[in-house]
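Here's a quick tour of one protein model, written for someone who likes to know the cut-offs behind each term. Have the viewer open as you read.

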Amino acid sequence: MDILFENGTIRTLERNSPDAQALLVRNGRIAAVGGRTAVEDQTGIDVRRVDLAGRTLLLPAFLDAHSHFTAVANQFLQVSLEGCTSWADMQDRIRDYIRRERIPAGQWVTAQGYDHNLLSERRHPDRLCLDAAAPDNPVVICHQSGHMGVFNTAALERLGVTAQTPAPAGGVIGRENGTLTGYMEENAFLEFQKRVPMRPLESFLAAYRKAQDLYASYGITTVQEGLLRRELVPLYQALLADGSLKLDVVAYGDPEGAEAARQAFPESVRQYHRRFKLGGYKMFLDGSPQGRTAWLRRPYQGEQEYRGYGTLTDAEVLGMVRRAGTDGMQLLAHCNGDAACAQYLAALDAAAREGVDLAALRPVMIHAQLLGRDQLPEVKRLGVIPSFFVAHVYHWGDVHLENLGPGRAEAISPAGLAAEQGIPFTFHQDAPVIRPDMLETVWCAVNRVTRQGRVLGREERVDVRTALEAVTVHAAYQYFEETDKGTLAPGKQADLVILDRDPLAVPQEELRDIRVLETWKDGVPIFCREA
């Protein structure tokens, strides 16, 4: 059956094409788009008409340029600490969860989403705080950034962590007077966190379905598994066997995870099979600016020497670039601080001089928050795609002013200058760090206002069309999918989002108030907002 969308504003997002009055979908793809009469002339006998009734059809649906799909699913199985303002709040949330879910003694309790910057104590809790909340259970809580967290005493004992346990390179195990505090960051936290037992498979499959519904509610039809570890491969085997994927998922693995995925899903390497694609490799080069672990070229505000730290050596980074080139796999590098950005750019340059074809790899710099304006020419020369976590301006802009000072804080996520220099870039939310709310991110990029109402980096603002292109046109390019997604054009997938207002027509201050009414994947509605 043909599907004809009409009687609304249809934004093509094609730079050299006019907006349209009608759009025709056939067999999950766009068959025609343009004037109403011309499009209607191409409809078949059996046609379903979708009256937009003055609403805006924005094609394509949004593409998530970077998030952690499994972690988003996992949040439905955890205690949410989002919005907690004190240690006592966190303790109450954990106690309530244990009581409500009837968690037996000895069973692991996991929680996520606290931010020490928003706590009245202005510091991370310790193991004793968590012991008081759950004296009979091992507990681990994850910071909102995902780069640090805290284990209680029972959890440390289960994992075999003692005061003598050495921290992995590029990580920290918190100690005070020779005693464990329970706090860990970067590679130390990631290493011990992945040893925490997973929930039952059936619970995860249900959580994956909820995660897909969440993404779809924000108009997203392509999502990312931003760090596929070996431990997650069995979950994906079950998920694909279950046949419940309705979104396209692109996965990027660490070396072990990517190899395990290659073995498990040989038909999914660089192409979709059952809506799953192994897109390439992922590496972390530093931490987070709000956690003061991002690796900077100059010290943090108020520090004499401390600049954060890197997590890999120069040789290790170059080795990963070489491996990506040899295997023909895209490479994503987490770089928040400008020193981490410099390390990645140097490795890419060295690999290019050795003969690695960077243009074929389309290397991505994830977050790129403190990417220096002076580094942008090198980004362009090497063909790097920065994926800016631009919503940091709102969510942590005021914290960055404290940690970095006005000069550097104003320059975070330099999308404005990147646009001026003709550098294609994308935007993301790093969900579950924040909700995968693309329209809020567009609002952030256009307005650059902090929680406290300060405009942060006025010169780095972009216009609405440029912001929309970052989550559609350029995101499709980042995934090597520009022939299938990213603009409203015949032959492309009918991944659509219907909005209640036109983002190119409303006052820019109201962009984040626009609601997603419907989301369509391959010509099938997968989300409809209740009236």
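## Ground rules

This is a predicted model, so to speak of local features we need pLDDT of at least 70, side-chain atom pairs count only at pLDDT 80 or more, and totals for chains, interfaces and linings use all residues. Residues are numbered from 1 along each chain as its sequence is written, and side-chain values use heavy atoms, with hydrogens and water left out.

Helices (H or I, at least four residues) and strands (E, at least two) are DSSP runs, numbered from the N terminus. Two strands pair if DSSP finds at least two bridges between them. Buried means under 20% relative accessible area, exposed over 50%, and partly exposed in between, with a 1.4 Å probe and protein chains only.

## A helix with a kink

Helix α14 covers residues 392-410, and its end C-alpha atoms are only 12 Å apart, whereas a straight helix of 19 residues would span 27 Å at 1.5 Å a residue. (The expected span is 1.5 Å times one less than the number of residues.) Where does α14 bend? At leucine 404, by about 120°, with proline 406 following within four residues. The bend is the angle between axes fitted to the seven residues ending at a residue and the seven starting there.

In α14, 16 of the 19 residues are buried, so the helix is largely enclosed by the rest of the structure.

Strand β1 (residues 2-11) pairs with β2 in the antiparallel sense over 5 bridges, and isoleucine 3 has valine 25 in β2 as its bridge partner. β2 (residues 20-26) is mostly covered, with 5 of its 7 residues buried. The loop between β1 and β2 holds asparagine 16, which counts as exposed at 78% relative accessibility.

On to the next partner: β2 and β3 (residues 29-34) are also antiparallel, over 5 bridges, and alanine 22 stands opposite glycine 34 in β3. Their hairpin has 2 residues between the strands, and asparagine 27 takes a positive phi near 55° there.

## The six-stranded sheet

An open sheet of 6 strands runs in the order β7-β8-β9-β10-β12-β11, with mixed pairing. β7 (79-80) and β11 (171-176) stand at the edges with a single partner strand each, so one side of each has no neighbour in the sheet. β11 pairs antiparallel with β12 (residues 179-186) over 5 bridges, and valine 172 stands opposite glutamate 185.

Strand β10 (residues 148-151) points Met148 and Val150 one way and Gly149 and Phe151 the other, and all are buried. β9 (residues 139-143) joins β10 through 3 antiparallel bridges, in a hairpin with 4 residues between the strands, where glycine 146 in the turn has a positive phi of about 80°.

## Cavities

A cavity here is a set of points, on a 1 Å grid over the protein atoms alone, where a 1.4 Å probe fits but cannot get out; lining residues have an atom within 4 Å of a point. The count is 2 cavities of 30 Å³ or more. The largest has a volume of about 60 Å³, and its lining includes Ser145, His147, His367, His392 and Asp430.

The second largest cavity has a volume of about 30 Å³, with Leu59, Pro60, Asp484 and Lys485 among its lining residues.

How values were computed. Expected span 1.5 Å × (residues − 1). 1 Å grid on protein atoms, 1.4 Å probe; cavity = no way out; pocket = protein on both sides within 12 Å on 5 of 7 lines; lining within 4 Å. Points joined across faces, edges and corners; volume = space filled by probe spheres on them.
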